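Me: Could you walk through a few spots in this structure with me? I'll jump around a bit.
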Amino acid sequence: MNLLQELLQEDLYGDISESYTVDEGDWSVSNESDSGEFLNPPTPPMRFDSLPEEESKETEKSVSDSLETEKTSSKYQHETKSRKRKKSWLNQVKKHVLVKAPDVFKSKTSDNLVERPVLGGKHFVNKRGMLYKVQGGPVEEIFGEYSGRWCVLENADLFCYADNTCLHLKEHFPAANILSIQLLQDAKYKYRYDNDDLHCFELNITGKSRGGHVYGSRSISERRIWLQCLAEMLTQRFKSRLTTNYKRMGWAYVRQGVSGKWAGAWIMLSERELHFAVDRHSVKTVDLRKARCIVLHSYQDSDNNPKTSDKGPNMLVDCPDVTLHLRMWTARETKVWCHIVKLEAHNNGANIDQQQLTKNDIPVIVEKCINFIFAYGSISEGIYRKAGTSSAISELLAKFRKDAFAVQLTKSDHSEYEVATALKRFFRELPEPLFGCDHRQYLYEVAKHNVKDEKIRMFKAALDQLPPVSYKTAKKLLGHLHFISNQSAKNLMTVENLASIWGPTLMHYEDKDRPAATSGAHHVQDAEVVCQLIRHYRSVFPEDPSELEKEQLMLKVLQKCLQSPQGVVNPKTSGDLRVWIYLFNKEGKAHNIAIGPNRTAYEVCVELGEKINTPVHEIILEEVILSERLFRPIHHTEKVLDVVLKWGYWDAADRKDNYLTCVNLSKYWEYIIEKPLPISGELRFADSKSKLFKTLMFQFTQGTLSAFKDKTSEINIHSWQVEKLICYLGHECKRSPQSRWTMTFLENDCPPNRTKGSPFFGNVLVWNDAAMRANWISAILKAKHPNNLTPPPKL
């Protein structure tokens, strides 16, 4: 069954091949790039703030004068005069040019310096008009306080004046300071001004005016024109069809693939497509419908990230044909981009081409359901005829609509009949049937033909008229039904039985003017068309040798499962791992226990309790790490496999001597007794970067652990959500906290990898006595598990 699942996964996710390995100079999304193509350093941006032309001429004249006077007796005087003029020229350049340039252009010594993309916009873009600035702040936004702005766009600058006299400048945004531009369509930006709706957009700025600035216009067309002009002011890399219809655009550092190099690029989000343009390279497009993963990765010093304003996370967009790493100038920009791109990628519409797609342009929901039925329902009696539980089907379809790639179909959670019914309902709920309304009558006539060759030719002609996604989906589904019909001796689903179910599903048609009496006749015709398409599948669609080979291999696997004495083997059994768990300490007796992917600590304790004749509610599992310097109780709902596997992401020295023990619950009884909440006080603290401990004011309330600079608790230095923390009692031997009563904590999504800048394991809190530590840890445990802190007794 594992081999069968691997075969089915290839069509859905694809694999990583050498043909997509990106070297330092390859920025092509396809694997067909010219051998001479390479990445050159981008040219510096054109400057419009240099010295006036007359001053430049004067400087050149002074230089030539100084050279001519070298032959005269007044050589010394002229050389001195020339040097003074040169020095003055350099001072003006430093004053007017370098001060205005972003920091990324000033640094020359950083090893990870990457230039931002060139400001190559259309210099003749000029636009004037009235916009309305939404005043910042929650109170102003609630009451809708706006200020009129006469906005002037010229010479790569946006000037915002109080009125059209242009005497009082309110805001000035140079093009070099604009990080991104976003169209605002959220309901909270639905403002009104003099009974007119305001249609808003946001400018995200760096520099003195850093932050988001929201402006609105009184018409959608006016807003679209402003957005187009702003985009063309920044860059002319994108065509007008994109600049007139985008949701967000800006610049970022982009790296393609694992081995690629960072480079500055303009990026634009438009209609579920992410376009990016690196200097001196053509514009590339990523189809977000095929994005399997869009996540944020925490900053790592070893990743050689480009220099930005902070050490915020990187953004990853993983597609079958390209993997993009993006890093914006600020952490807020990166997080907002990730959120917007993820929303766009998961914005599944009603039509079939608006779904998330696999690498073969087939909806993910179709591919996953068919793969599941291939593996678990091909020989099930009455597959596609027997219905599943309605509530489970509705829940499954809702998950697919939210994010199809995130849905994991397992036999333990869903039956083959529920998945089959969900697939049928998906096709039934399409606004446009799979075979289209326009081809209905033609397909009816084709089905009446008696000449097989002519019938097949006409079927091919009709299906070739379908859109690409519909055609490939029809080929996939009909091939699957053809395979199911070949197993009719076991599943009792012949071609006719399948056609009677799938005919009205794939060719559904709702016509209010059509008499109800004729519906039955149309269903018969629909079934006949689908019946013939299934029966003649090998002739209608081009033959694919790899598909035939895969079907033969799947048949062999299914036959072996049928011939097995115990029937179909539980797929979880082969994937179970076994670990040694010690009783009470490492010197105690060890038991070899199987831990599957879903086995909890409570289930393991049930098995161990039977071996040692101890009630399950009196024992717990304990994790011991770093040569027994750190330990913690494992909550009974935690997956044991997850606890063990996380060690694999740690440094070799930190995972070397780790193990699990089974101990009495009474060992941690002092942390389970009721304690008052909330709590606060001065504690000594050291993070993973520092060996020295600082005294800070800590407070724990509402599930948040906060650190403040002083007792006033006004300046918040750190904040951690307790549900995202893993807390260990103790500290590593490299620390010197001058106390035994310590706690080391980590964040779940940040492995404690040691680097030159972070040489220590996790963050450490220090108390003066055991009672204080017990009070704090008790509060933390109760916040993480408010209703089930201790394991329940076995009934």
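Me: Is Q702 buried or exposed?
Reply: Bearing in mind that this is a predicted model, Q702 is exposed, with a relative accessible area of 78%.

Me: Where does Q702 sit, and what is its phi near?
Reply: Q702 is placed in the loop between β22 (694–701) and β23 (704–708), and its phi is near 55°, a positive value in a residue other than glycine. Most residues other than glycine have a negative phi.

Me: And C166, where is that one?
Reply: C166 lies in the loop between β3 (157–161) and β4 (169–174), where its phi, near 60°, is likewise positive in a residue other than glycine. C166 is partly exposed, because its relative accessible area of 26% falls between the 20% and 50% cut-offs.

Me: New topic: what does H508 touch?
Reply: Leaving aside residues up to four places away in sequence, H508 touches F427, R428, L430, P431, P433 and R440. H508 itself belongs to the loop between α16 (495–506) and α17 (519–535), and it counts as buried because its relative accessible area, 11%, is under 20%.

Me: How far apart are H508 and L430?
Reply: They are 78 residues apart in sequence and 9.1 Å apart in space, C-alpha to C-alpha, while the side chain of H508 reaches the backbone oxygen of L430 at 3.1 Å.

Me: Last one: which residues in α6 are buried?
Reply: The buried residues there are R223, W226, L227, C229, L230, A231, E232, M233 and L234. Helix α6 (residues 220–234) has 15 residues and spans 22 Å from its first C-alpha to its last, close to the 21 Å expected at 1.5 Å a residue.

Note on methods. Residues are numbered from 1 along each chain as its sequence is written. This is a predicted model: local features need pLDDT of at least 70, side-chain atom pairs count only at pLDDT 80 or more; totals for chains, interfaces and linings use all residues. Side-chain values use heavy atoms; hydrogens and water are left out. Helices (H or I, at least four residues) and strands (E, at least two) are DSSP runs, numbered from the N terminus. The expected span of a helix is 1.5 Å times one less than its number of residues. Buried means under 20% relative accessible area, exposed over 50%, partly exposed in between (1.4 Å probe, protein chains only). Contact means heavy atoms within 4.5 Å. A polar contact is a pair of N or O atoms within 3.5 Å; within protein, one must be able to donate a hydrogen and the other to accept it, and residues adjacent in sequence count only if both atoms are side-chain atoms.
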